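Please keep the sequence and the model in view while reading.

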Amino acid sequence: AVVSTQSTGTAVRFVFGRRQWRGVTNLRKQLHFIPVYLRIKFEICLMIHKCLNGGALEYLKELIQRKTPNPDHDLRGDETELKKDYTTKFTSTQRSAFQVIGPRWWNELPKALCEVEKEATFTSRLKSYFFSVAYD
């Protein structure tokens with residue numbers, strides 16, 4: 001993350017003609033730069049959205065499953081949450097796999113955002129959400 005932060009800082013300084021020792025956080029905000037780690041989360045969450053709404057490839061759709069509502073417990077979040085596998089102990093590589101990290105990040109999103117079906121609207125709101133996470 002340090003290398004990518006340095007490279008975006010260099011790009012921002014170039015665009016604004018700033019010297020190296022000047023801060024760039026406010027300039028990143030003006031350019032609507034989302035930090036790289038949030039950009040990765042953005043892409044994964046967008047891919048999950050496509051899996052749930054029919055826009056993804058079949059092999060990806062098979063990796064993602066919604067939680068099945070339990071009729072004994074009427075919980076509001078059940079219909080938007082994804083199934084997580086906590087029974088298996090993962091290696092460090094497996095913890096970063098799409099089917100493991102994707103549902104975790106999806107379930108961290110606000111419920112109102114998860115309920116949006118139209119891809120363009122979802123993309124816009126997701127980007128706004130991550131921008132507010134980064135700079136607020």
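Lysine 50 counts as partly exposed because its relative accessibility is 28%; buried means under 20% relative accessible area, exposed over 50%, and partly exposed in between (1.4 Å probe, protein chains only). The model is predicted: local features need pLDDT of at least 70, side-chain atom pairs count only at pLDDT 80 or more, and totals for chains, interfaces and linings use all residues. Residues are numbered from 1 along each chain as its sequence is written, and side-chain values use heavy atoms, with hydrogens and water left out.

The side chain of lysine 50 forms a salt bridge with that of glutamate 119. A salt bridge is a side-chain nitrogen of Lys or Arg within 4 Å of a carboxyl oxygen of Asp or Glu. Side chains of opposite charge can pair when their charged atoms come close. The count for the chain comes to 4 salt bridges, and the table gives some of them.

| Lysine | Glutamate | N to O distance |
|---|---|---|
| lysine 41 | glutamate 108 | 3.3 Å |
| lysine 50 | glutamate 119 | 3.7 Å |
| lysine 61 | glutamate 58 | 3.4 Å |

Lysine 41 lies in helix 3 and glutamate 108 in helix 6 (residues 98-108), so this pair ties together parts that are 67 residues apart in sequence. Lysine 41 counts as buried, at 19% relative accessibility, while glutamate 108 is partly exposed at 47%. Lysine 61 and glutamate 58 both lie in helix 4 (residues 58-61), 3 residues apart, about one turn of the helix.

Helices are DSSP runs of H or I with at least four residues, strands are runs of E with at least two, and both are numbered from the N terminus. The chain has 8 helices and 0 strands. Of its 136 residues, 31% are buried.

How do helix 3 and helix 8 run relative to each other? The axes of helix 3 (residues 36-52) and helix 8 (residues 119-135) come within 10 Å and cross at roughly 155 degrees. That makes the two helices roughly antiparallel, a term for angles over 145 degrees. Axes are lines fitted to C-alpha atoms, for helices over the stretch in contact, and angles run from 0 to 180 degrees between N-to-C directions.

Phenylalanine 16 lies in helix 1 (residues 2-16) and is partly exposed, with a relative accessible area of 32%. Phenylalanine 16 and leucine 27 are 11 residues apart in sequence and 7.9 Å apart in space, C-alpha to C-alpha.

Definitions and conventions. Parallel < 35°, antiparallel > 145°, perpendicular 65-115°, else oblique.
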